[in-house]
Amino acid sequence: MARNAEKAMTTLARWRAAQSNEGARKEQERRPYLASECRDLRKAEKWRMQIIREIAKKVAQIQNAGLGEFRIRDLNDEINKLLREKRHWEAQIKELGGPDYSRVGPRMLDHEGREVPGNRGYKYFGAAKELPGVRELFEQEPPPPPRKTRAELMKDIDADYYGYMDDDDGILIPLEQRAEQEAREKCINEWISREKEPESTDVETTAQKSIPTQQDIQEALLARKKKELLDKYGLD
């Protein structure tokens, strides 16, 4: 009996030692608080996958509307916090030479949420979208986009705006050359047709008229003046 008891104690001691070692190992492998503290690409990938699993688990939990308003709000806050942390790890992975998950990574977890119009960044998931006060926010019309100032509008005005770069598109110059060739051929054809027409032989003949002298002009003026005086005083 003593021998069996010793064996049992030895087995229990080994099991406890294994458990303590595993707990210490888990304690050592705790995810860093800041993604910038991790300089190992393989570990950064592991922490990102761990966050994705946590997000997926909480997104599945928040679908249950019977959890209560406070628990749903807490879950929604935790999901948004994990999403921000995931983006930090993705930025760190890119900095360490890994893939750019913001471009090539799946965004299914992000698409599960819905943003309030005019409040980018915070999303509502599952039953959180039906909470009191949240449903009304989604029913509101989004605010109109802000009007651009004159300075912002002037930033978009360049040579293209005034048409100075139209010749560089490779389309306008061939069209102008074709129109110029057609206009030149039209002018040449009109000139040739005019040259082929026979010249008119009709010569306008006018009778030569005598040119009045200075004396004739004075006599004519005197006669007209005399006639005006006679008409004025009624003399014959």
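Just after α3, glycine 97 takes up a positive phi of about 100 degrees. Helices here are DSSP runs of H or I with at least four residues, strands are runs of E with at least two, and both are numbered from the N terminus. The model is a predicted one, with local features needing pLDDT of at least 70 and side-chain atom pairs counting only at pLDDT 80 or more, while totals for chains, interfaces and linings use all residues. Residues are numbered from 1 along each chain as its sequence is written, and side-chain values use heavy atoms, with hydrogens and water left out.

In terms of overall layout, the protein has nine helices and two strands. Starting from the N terminus, the order of elements is α-α-α-α-α-β-β-α-α-α-α. Of its 236 residues, 18% count as buried; that label means under 20% relative accessible area, with exposed meaning over 50% and partly exposed anything in between (1.4 Å probe, protein chains only). Helix α3 itself has 27 residues, which at 1.5 Å a residue should span 39 Å, and its end C-alpha atoms do lie 39 Å apart. The expected span is worked out as 1.5 Å times one less than the number of residues.

Next come the charged pairs. The structure holds eight salt bridges, each being a side-chain nitrogen of Lys or Arg within 4 Å of a carboxyl oxygen of Asp or Glu. One of them joins arginine 31 to glutamate 85, at 2.9 Å from N to O. Arginine 31 sits in the loop between α1 (2-28) and α2 (41-61) while glutamate 85 belongs to helix α3 (residues 69-95), so this pair ties together parts that are 54 residues apart in sequence. Glutamate 85 counts as buried, at 16% relative accessibility. There is also a network of salt bridges here, linking Arg31, Glu54 and Glu85.

Glutamate 78 is partly exposed, at 27% relative accessibility.

An α-helix has 3.6 residues a turn, so residues three or four places apart point the same way. Both partners come out as partly exposed, glutamate 180 at 48% and arginine 184 at 39%.

Now for the rings. Rings of Phe, Tyr and Trp (its six-membered ring) pair if their centres lie within 6.5 Å, and planes under 30 degrees apart count as stacked, over 60 as edge-to-face and the rest as tilted. On that basis there is one aromatic pair. Tyrosine 122 and tyrosine 124 make it, edge-to-face, with 5.1 Å between centres and 70 degrees between planes. Tyrosine 122 is partly exposed at 23%, whereas tyrosine 124 is buried at 13%.

Charges also sit over rings, meaning that NZ of Lys or CZ of Arg is within 6 Å of the ring centre and within 35 degrees of the ring normal. The charged end of lysine 46 does this over tryptophan 47, 4.3 Å from the ring centre, and arginine 48 over the face of tyrosine 101, at 3.6 Å.

Finally, tyrosine 162 lies in the loop between α7 (150-155) and α8 and is exposed, with a relative accessible area of 53%. Together, Tyr161, Tyr162 and Tyr164 form a nonpolar surface patch with about 450 Å² of accessible area. Patches take residues with over 30% relative accessible area and no salt bridge, joining like charges within 9 Å and nonpolar side chains (Val, Leu, Ile, Met, Phe, Trp, Tyr) within 5 Å. Accessible areas come from the Shrake-Rupley method with a 1.4 Å probe, and for residues only the protein chains shown count as cover.
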